[in-house]
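Please look over the notes below alongside the coordinates.

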Amino acid sequence: DPYRVLGVGRSSSQADIKKAYKRLAREWHPDKNKDPGAEDKFIQISKAYEILSNEEKRANFDRYGDAGESQGFSQQQHRQFHRFHDGFYFDESFFHFPFNSERRDTSDEKYLLHFSHYINEIVPDSFKKPYLIKITSDWCFSCIHIEPVWKEVAQELEALGAGIGVVHAGYERRLAHHLGAHSTPTLLGLIHGKITFFHNAVVRENLRQFVENLLPGNLVEKITDKNYIRFLSDWRKDNKPHVLLFDHMPVVPLLYKLTAFAYRDYLSFGYVYVGLRGTEELSSQYNINVYTPTMMIFKEHIDRPADVVQAREMKKQLIDDFLSQNKFLMVARLTSQRLFQELCPVKKSHRQRKHCVVLLTGEGEKFAEAYEAFLTFAVANTKDTLRFVHIYSDRQPEFADALLMDEEKYHGRSAVVILERRNNAGKIAYKALEEAWQGSKEDNFILLDLLDQLRTDPGLLSSETVVADLNDELAPMFLIRWFYSTLDYISDCWDSLFHSNWREMMPLLSLLFSALFILFGTVIVQAFSDSSDTRDSPPSGKEEATTKTEKNDASFNKESNSRIPKKGFVEVTELTDINYTSNLVRLRPGHMNVVLILSNSTKTPLLQKFALEVYTFTGSSSLHFSFLSLDKHREWLEYLLEFAQDAAPIPNQYDKHFLERDYTGYVLALNGHKKYFCLFKPHRSGDEGGTLGSCEDYNALQHAEARGKSSCSPGSRSIKNKLHKLSFWMERLLEGSLQRFYIPSWPTLD
């Protein structure tokens with residue numbers, strides 16, 4: 001069946017068929033897939049696409065179950081008699097069996113799973129919702145028997161938020177074997193990447209209970225008048241908003257359990273049975289309508305909900321929309337790198353800027369007043385482009401030291417920093433309030449003024465640094481994780497012992513026999529070993545310890561040195577007349593060559609600074625990095641700069657100062673295909689716009705460098721500071737916001 005081979009439905013368009021063919025062809029191409037059956041699978045995919053891409057062949061297949069090639073008998077005979085194995089035909093109009101794909105119910109088609117789809121999408125998604133999977137095949141009478149129950153339960157569970165999957169063992173033998181299904185029909189559950197088989201009678205109640213049993217038992221806490229204050233006050237410890245569902249059902253609905261499982265990393269869930277004695281105080285305090293299901297979400301204030309939704313029938317879409325807008329506290333605490341990345345995403349463009357206002361504070365009553373003032377400010381100034389967070393400096397010391405530079409005025413006090421993440425490597429731009437945060441009216445006015453300026457001037461975040469990944473403060477200890485993993489493994493073994501067949505038990509039996517063999521072998525060897533071997537062991541142990549220590553020291557030094565950009569990390573080649581054509585004139589479309597202008601005297605410091613500035617951009621395959629010697633190719637550079645409209649006046653070759661003008665530190669981004677370039681001019685102190693600012697006397701500059709001083713203005717910086725803010729210029733280059741200077745043709749490089 002070409003539809004099954006490509007994994008598409010009978011109503012799929014040509015675009016969907018082509019897309020499915022390209023995806024499967026890439027996956028099963030014999031040159032890329034080393035599976036023994038990859039070649040046969042690739043041939044099936046090609047033949048299936050050949051049929052479905054041709055409208056005439058596709059129509060014939062839909063009518064007669066074949067592509068319509070000549071078989072030596074009429075189409076009427078073809079319609080009445082279908083081939084069975086190699087020499088037999090049966091009259092389909094007589095038997096009316098529903099095994100043929102034309103007769104089978106097409107409701108399962110949207111649930112069909114393929115091996116790559118299962119591994120790449122279903123398994124990761126099982127950490128957000130459980131899956132109920134059916135393994136079926138053709139000529140399976142039991143599959144037909146359970147079909148009505150399966151269809152009803154699949155539709156019901158999918159509407160509640162569970163995942164549904166169908167595996168056809170005849171076409172997906174690899175996936176069926178991977179799932180451990182050796183007969184059809186087989187029903188199994190998948191959660192956290194772990195497979196659990198269904199062993200009871202296939203009825204609606206059993207299947208619902210099976211899916212509910214897959215979920216952890218501590219997802220939803222029962223709330224009454226006695227424990228609701230403790231539950232809502234746990235937001236400080238959990239760093240999560242808390243959700244309460246008020247309903248008149250004595251048992252927690254499956255919809256609510258599935259929702260709690262999907263959002264367990266962001267929210268804590270509680271359930272209030274309003275018909276139970278002992279919930280009257282809770283219902284009256286929050287003015288609950290006992291006849292209508294009500295969902296409330298609480299953040300920093302437990303006396304009033306942050307958001308409420310009521311509906312006679314709680315639907316999954318309504319709950320998802322409600323919870324997705326309330327996943328974080330008003331001033332969430334940064335407890336892990338994952339949370340930092342979600343709350344403060346990397347800037348993707350100027351229109352998608354997201355600034356984080358961070359309160360660096362401590363724990364205890366000493367810092368409570370500053371935190372409450374910051375929370376009040378955050379509630380009053382909530383915006384889509386701002387995110388207010390706080391962090392404990394003593395739990396994340398590296399993060400705090402990188403932003404506050406260990407200044408004494410912040411010791412033992414709270415501080416506020418506005419930051420923006422620039423990339424995933426930890427680079428951020430930030431600005432800290434000059435004074436410690438006390439929560440006074442003056443502090444509020446200063447912070448509000450900075451945020452207003454930031455709206456119009458993104459360059460306000462003038463400082464840059466690189467911060468390390470945050471520690472995961474809420475991660476369980478290693479011993480606890482090991483204990484839970486051991487319990488899960490024992491539970492799996494116990495379940496397999498009673499329900500699995502011998503084929504599934506072979507890995508466990510092999511492990512047990514191997515452990516026994518090693519145990520008895522060790523005892524026998526120790527019993528008959530010579531005592532002289534034990535006398536020789538201590539020196540070797542010391543030597544081994546010394547060797548391990550040396551290796552650890554070497555690996556530590558290697559890791560620490562690998563953080564420092566070296567020449568090998570950024571490949572910078574010299575632009576000469578030999579490689580000029582390949583590196584510029586005939587450069588591939590879409591590629592650019594970033595060229596640094598330097599002289600013999602400034603070569604080493606400029607190249608070091610250049611490598612540091614462009615290091616984070618070396619991941620782009622369309623960027624190449626070179627340098628050009630000013631002493632050799634000054635005329636070539638002067639010719640190019642004549643096309644820069646806002647460049648300084650360029651002297652001609654007869655000017656007496658022609659060879660004295662200093663262009664070291666200039667950077668040109670050259671697009672060889674479109675014949676244009678972008679220009680970066682060296683940064684000078686006191687010159688915020690990045691104007692030319694070069695010294696007029698190049699010889700004087702050389703003499704001054706020899707004395708360790710600069711011949712420019714008294715406030716000028718060292719040679720390396722010429723490339724200050726080059727990384728900002730590179731960002732604008734990738735965004736395409738720099739001015740372009742076009743030239744008629746590239747001059748020769750003599």
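The points that follow concern a predicted model.

1. Salt bridges overall. The count comes to 28 salt bridges. One group of residues, E152, E156, R204, E205 and R208, is linked in a network of such pairs.

2. K110 and E158. These two residues form a salt bridge, with 3.9 Å between the closest N and O atoms. K110 sits in the loop between α6 (92–95) and α7, whereas E158 belongs to helix α8 (residues 141–160), so the pair ties together parts that are 48 residues apart in sequence. K110 is exposed at 62% relative accessibility; E158 is partly exposed, at 35%.

3. R395 and E473. Their side chains meet in a salt bridge at 3.4 Å, N to O. Both residues are in loops: R395 between β14 (386–392) and α18, E473 between β17 and α20 (478–499), so parts that are 78 residues apart in sequence are tied together. R395 has a relative accessible area of 35% and is partly exposed.

4. E574 and K632. Here the salt bridge has an N to O distance of 3.6 Å. Because E574 is in strand β18 (residues 572–574) and K632 in the loop between β20 (623–629) and α25 (634–641), this pair ties together parts that are 58 residues apart in sequence. E574 is partly exposed at 24% relative accessibility, while K632 is exposed at 56%.

5. Charged patches. A patch of positive charge on the surface gathers K18, K19, K22, R23, R26 and K32. Of these, K18 is found in helix α2 (residues 14–28) and is partly exposed, with a relative accessible area of 42%. A negative surface patch is made up of E398, D401, D406 and E408. E398 is placed in helix α18 (residues 397–404) and is exposed, its relative accessible area being 56%.

6. Helix α7. Which residues of helix α7 (residues 115–125) are buried? They are F115, S116, Y118 and I122. The buried residues of α7 pack against α2, β3 (131–136), α9 (173–179), β5 (186–191) and β6 (194–197).

7. V466. This residue is in strand β17 (residues 463–466) and counts as exposed, at 56% relative accessibility. Leaving aside neighbours within four places in sequence, V466 is in contact with A402, A425, G426 and K427. V466 and I428 are 38 residues apart in sequence, with their C-alpha atoms 6.2 Å apart in space.

Technical notes:
Residues are numbered from 1 along each chain as its sequence is written. This is a predicted model: local features need pLDDT of at least 70, side-chain atom pairs count only at pLDDT 80 or more; totals for chains, interfaces and linings use all residues. Side-chain values use heavy atoms; hydrogens and water are left out. Patches are made of residues with over 30% relative accessible area and no salt bridge: like charges are joined within 9 Å, nonpolar side chains (Val, Leu, Ile, Met, Phe, Trp, Tyr) within 5 Å. Accessible areas come from the Shrake-Rupley method with a 1.4 Å probe; for residues, only the protein chains shown count as cover. A salt bridge is a side-chain nitrogen of Lys or Arg within 4 Å of a carboxyl oxygen of Asp or Glu. Lys and Arg count as positive and Asp and Glu as negative; His and the chain ends are not counted. The place of a charge is taken as NZ of Lys, CZ of Arg, CG of Asp or CD of Glu. Helices (H or I, at least four residues) and strands (E, at least two) are DSSP runs, numbered from the N terminus. Buried means under 20% relative accessible area, exposed over 50%, partly exposed in between (1.4 Å probe, protein chains only). Contact means heavy atoms within 4.5 Å.
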